[in-house]
Amino acid sequence: MMKLAGALLVLFAGTMIGYLQAARFAARPRQIRQLTHALQRLETEIQYGQTPLPEAIGRLAAIVQPPVSALFAEISETLSRADGTTVRECWDRTLRSGWSATSMKKPEMEAMLRLGATLGGSGREDQIKHIRLAMHQLQAEEVSARDEQHRYEKMSRSLGVLGAALVVIIML
Amino acid sequence: MSPALPDLFVQPLRGILERLPSHAADTLEEIRIRENRPLEIGYAGRHGFVDQDGALTADYRKAYMPGREECRALLERVTNHSLYAVEEELRRGYVTVAGGHRIGLAGRAVLERGAVAHLKDIAGFNVRIARARSGCAAAVLPGILDLKAGTVKHTLIVSPPQQGKTTLLRDLVRSISSGDWNHPAAIRWGGRKVGVVDERSEIAACEAGVPTFDLGPRCDVLDACPKAEGIMMMVRSLSPEVVAVDEIGRPEDADALNEALHAGVRVLATAHATSLADVFARPVLARLAEDCVFGAYVIVSRSGGQVRYRIVAAEDAVREVKARSMPAIRSPAAQLEAQGP
């Protein structure tokens with residue numbers, strides 16, 4: 001009886017691990033897409049609205065979903081506090097500490113960090129160029145993320161179940 | 001120092017400025033920050049360098065030198081992290097921040113088709129502190145009243161930079177719109193509707209459209225609006241009785257002023273000039289002055305901490321300038337007399 005309960009638990013845990021892993025593969029392209037949309041919005045805010053950066057980034061937080069929105073919300077809040085933090089510092093710190101809460105990986109973060117180093121520090125034309133560049137990089141990452149999703153999403157799901165089944169068989 | 005000001009600076013600059021001796025802090029006029037060069041302040045008409053501990057020194061070698069990071073952070077604060085949003089201001093070379101403080105910028109000009117597009121590599125800041133000196137208009141206002149019409153004369157306030165033109169103009173606006181005429185004949189006049197065209201956001205220091213300086217109850221402000229266009233918009237839509245503008249000097253300003261004068265609006269304006277003779281020497285102002293557009297001139301001068309106002313009526317001004325220029329440029333009649341037997 002005990003053995004059966006244990007086997008069921010192992011089976012359940014293995015399946016869950018597989019599903020979670022699959023969900024991360026599925027979430028990554030979605031979150032990159034959200035970032036791209038956010039940057040598109042930022043471009044508009046800078047180009048047409050000339051909205052000050054703290055406010056513009058605050059608006060980005062409203063159009064994307066958590067956990068990505070939390071990043072923008074935190075940056076906007078820090079900048080509005082006006083304690084002498086520069087955009088680059090604040091952007092760097094927030095992205096590095098908050099990135100693990102998202103499903104995105106290092107290349108996307110690099111692209112965003114590069115953008116942060118120039119944001120707010122030059123004229124409109126220049127800002128637009130940098131934002132477009134970051135968007136292109138994100139789009140390339142999105143393509144590779146979709147590719148990975150196709151390849152590994154189903155596989156990690158079945159791997160979870162099968163792995164758990166293997167453990168159960170060995171145990172029995 | 002005014003409350004909003006320290007927020008602009010990061011440590012250690014901020015700490016140094018907060019430790020300034022009180023006599024300098026209370027009369028502070030300018031803070032000059034130049035990257036990797038000595039920190040300087042202007043106060044009570046004098047200047048001095050500031051060392052590590054906030055003490056004043058005459059020796060620039062002992063002064064504190066703000067570094068690159070401090071300047072970068074200051075620029076970000078001044079522009080609200082958004083250089084792209086202040087391109088127009090960069091083209092003119094200054095940014096006005098909350099509280100009406102104007103920050104002049106020095107850097108490398110970026111040209112576009114031969115004209116200055118904006119500044120980059122900004123490494124010099126001149127923070128000019130705006131102060132409301134409530135009551136400074138009381139001495140001037142009785143002298144520029146037009147008792148028959150029950151309002152003020154068209155008045156031009158002249159002085160070199162940094163003598164308190166804008167401060168005086170601001171207090172005149174407040175007095176006129178709240179009816180503090182300081183004259184026995186004017187007790188029953190009440191306040192007048194005043195329109196302020198505040199191109200540099202210095203007179204009213206508007207934040208989101210609301211003046212942060214007290215300009216009295218009957219005052220409308222067109223913030224950040226070019227003077228010439230602003231005066232016309234004012235006259236057309238806000239029915240002011242008195243229009244106040246800062247620093248006139250371009251040809252289009254004169255045209256707009258003329259329009260306002262003929263619309264029955266009284267004008268208060270300021271201009272850079274050291275004396276009346278200067279007013280008559282600057283092309284645009286000279287045209288206005290010779291047409292006797294202004295009814296009175298107020299000349300602001302300062303020695304030590306004392307600000308002095310001299311009020312000159314238009315006729316006297318013309319006479320005074322002519323009398324002065326006589327010995328230099330003799331009229332033909334005078335020359336004939338000199339050559340006579």
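Is Ser76(A) buried or exposed, and what is its relative accessible area? Ser76(A) turns out to be buried, at a relative accessible area of 11%. Here buried means under 20% relative accessible area, exposed means over 50%, and partly exposed is what falls in between (1.4 Å probe, protein chains only). You'll find Ser76(A) in helix 3 of chain A, which covers residues 68-80. Setting aside its neighbours within four places in sequence, Ser76(A) is in contact with Pro54(A), Ile57(A) and Gly58(A), where contact means heavy atoms within 4.5 Å.

Before going on, some ground rules. This is a predicted model, so to speak of local features takes a pLDDT of at least 70 and side-chain atom pairs count only at pLDDT 80 or more, while totals for chains, interfaces and linings use all residues. Residues are numbered from 1 along each chain as its sequence is written, chains are lettered from A and ligands numbered from 1 in the order in which they are written, and side-chain values use heavy atoms, with hydrogens and water left out.

Staying in chain A for a moment, look at the loop between helix 2 (53-63) and helix 3, where Pro67(A) is found. The peptide bond that joins Pro66(A) and Pro67(A) is cis, with omega at about 5°.

Now over to chain B. Its secondary structure comes to 11 helices and 18 strands; helices (H or I, at least four residues) and strands (E, at least two) are DSSP runs, numbered from the N terminus. The C-alpha trace of chain B spans about 70 × 60 × 45 Å along its principal axes. A compact globule of 341 residues would have a radius of gyration near 20 Å, and the 22 Å of chain B agrees with that. That radius is taken over C-alpha atoms, and the globule rule is 2.2 Å times the number of residues to the power 0.38.

What about the inside and the surface? Of the 341 residues in chain B, 50% are buried. Take the contacts in chain B between residues at least 6 apart in sequence: 61% of them join residues at least 24 apart. Chain B exposes about 15900 Å², with carbon and sulfur atoms supplying 51% of it; accessible areas come from the Shrake-Rupley method with a 1.4 Å probe, and for residues only the protein chains shown count as cover.

Next, the sheets. Strands of a sheet pair through backbone hydrogen bonds, either parallel or antiparallel. For the pairings here, two strands pair if DSSP finds at least two bridges between them. In chain B, seven strands form an open sheet with antiparallel pairing, in the order 4-3-2-1-7-6-5. Strand 4 (56-57) and strand 5 (94-96) of chain B stand at the edges with a single partner strand each, so one side of each has no neighbour in the sheet.

You can walk through part of this sheet. Strand 1 (residues 28-34) and strand 7 (residues 115-128) of chain B run antiparallel and are joined by five bridges, and one of the pairs is Ile31(B) with its bridge partner Val127(B) in strand 7. Strand 2 (residues 40-43) and strand 3 (residues 46-50) of chain B pair over four bridges, again in the antiparallel sense, with Ile41(B) standing opposite Gly48(B). These two strands make a hairpin with two residues between them, and Ala44(B) in the turn has a positive phi of about 45°. Strand 3 then joins strand 4 of chain B through two bridges, in a hairpin with five residues between the strands, where Gly54(B) takes a positive phi near 85°.

Elsewhere in chain B, strand 16 (residues 266-272) has six of its seven residues buried, so it is largely enclosed by the rest of the structure. Strand 10 (residues 155-159) runs parallel to strand 16, with five bridges joining them; Leu156(B) has Ala269(B) as its bridge partner. Strand 15 (residues 242-245) also runs parallel to strand 16, through four bridges, and here Val242(B) is partnered with Arg266(B).

Arg113(B), in the loop between strand 6 (102-112) and strand 7, has a positive phi of about 50° although it is not a glycine. Glu247(B), in the loop between strand 15 and helix 7 (251-262), has a positive phi of about 50° and is not a glycine either. Arg113(B) is exposed, with a relative accessible area of 85%, whereas Glu247(B) counts as buried at 11% relative accessibility.
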